[in-house]
Amino acid sequence: MKILSPSLLIICFLVFGGVIFKATSPKNCETIYPNDNIFVLTGDVRRIPFAMRQLREHPSLQLYIIGAGTQGYYSPSKKIEIESESKSTYENALAIKKIVNEKNLHRIVLITTEDHINRAKYLIKTELPNTEIVTCPVPLTGMTAAKRLERWAIEYVKYIVTMIGIKEG
């Protein structure tokens, strides 16, 4: 009986881990309460429109648009605040931490795409361990299965890298 090579075992663990990573990602929004604050991370064209739909469904909420993708976005509403300095998911987490601490928030709703939500939540939870983070993933619609698989694989690798302590990258 031949023993499996270490490289084959590593590949098997990575594939198995990727399956678990995707399977454990939230598929639907958790319960949103009237006094919640939504934080949407930019970086994908689906995220802000999805967050705006959530705001229309829950008009009492405050919305924070976080990230470099907000340049040129104008908000005529006091219900929407824009942070446009952060340029990575880790910088997004630091920007959210600053707002959460300034506003003394104990619970936030996180909106980002379904492939990105695990890593984003992990980074934010690392910065805000005592804050409840409610996830509200944006589905990856309108793209081929191959493109979705590619995005999931990239996010899985980034998640692994983040978990070993490399937050920027």
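This is a predicted model: local features need pLDDT of at least 70, side-chain atom pairs count only at pLDDT 80 or more; totals for chains, interfaces and linings use all residues.
1. Helix H5 spans residues 145-163, 19 residues in total. From the first C-alpha to the last it reaches 27 Å, close to the 27 Å expected at 1.5 Å a residue. After H5 comes glycine 165, with a positive phi near 115 degrees.

2. The buried residues in H5 are Arg151, Trp152, Glu155, Tyr156, Tyr159 and Thr162. Viewed down the axis of H5, the buried residues fall within an arc of 140 degrees, so they line one face of the helix. Ala146 and Leu149 are exposed and sit on the face turned away from that buried side.

3. What do the buried residues of H5 pack against? Their partners are helix H1 (6-23), strand E4 (107-113) and helix H4 (117-127).

4. The largest nonpolar core has 19 residues. The members that touch the most other members are Phe39, Ile66, Ile96, Val100, Ile108, Leu110 and Ile124. Two or more residues each come from strand E1 (37-41), strand E2 (62-66), helix H3 (89-103), E4 and H4. H3 gives the most, with 6 residues.

5. Leaving out residues up to four places away in sequence, Phe39 touches Tyr64, Ile66, Ile96, Ile99, Val100, Leu105, Ile108, Val109, Leu110 and Ile111.

6. Another core, of 16 residues, lies apart from the largest one. Among its residues are Phe50, Ile65, Ile111 and Val138.

Key
Residues are numbered from 1 along each chain as its sequence is written. Side-chain values use heavy atoms; hydrogens and water are left out. Helices (H or I, at least four residues) and strands (E, at least two) are DSSP runs, numbered from the N terminus. The expected span of a helix is 1.5 Å times one less than its number of residues. Buried means under 20% relative accessible area, exposed over 50%, partly exposed in between (1.4 Å probe, protein chains only). The arc is that of the directions from the helix axis to the C-beta atoms. Contact means heavy atoms within 4.5 Å. A nonpolar core is a set of buried Ala, Val, Leu, Ile, Met, Phe, Trp, Tyr and Cys residues joined through side-chain atoms within 4.5 Å.
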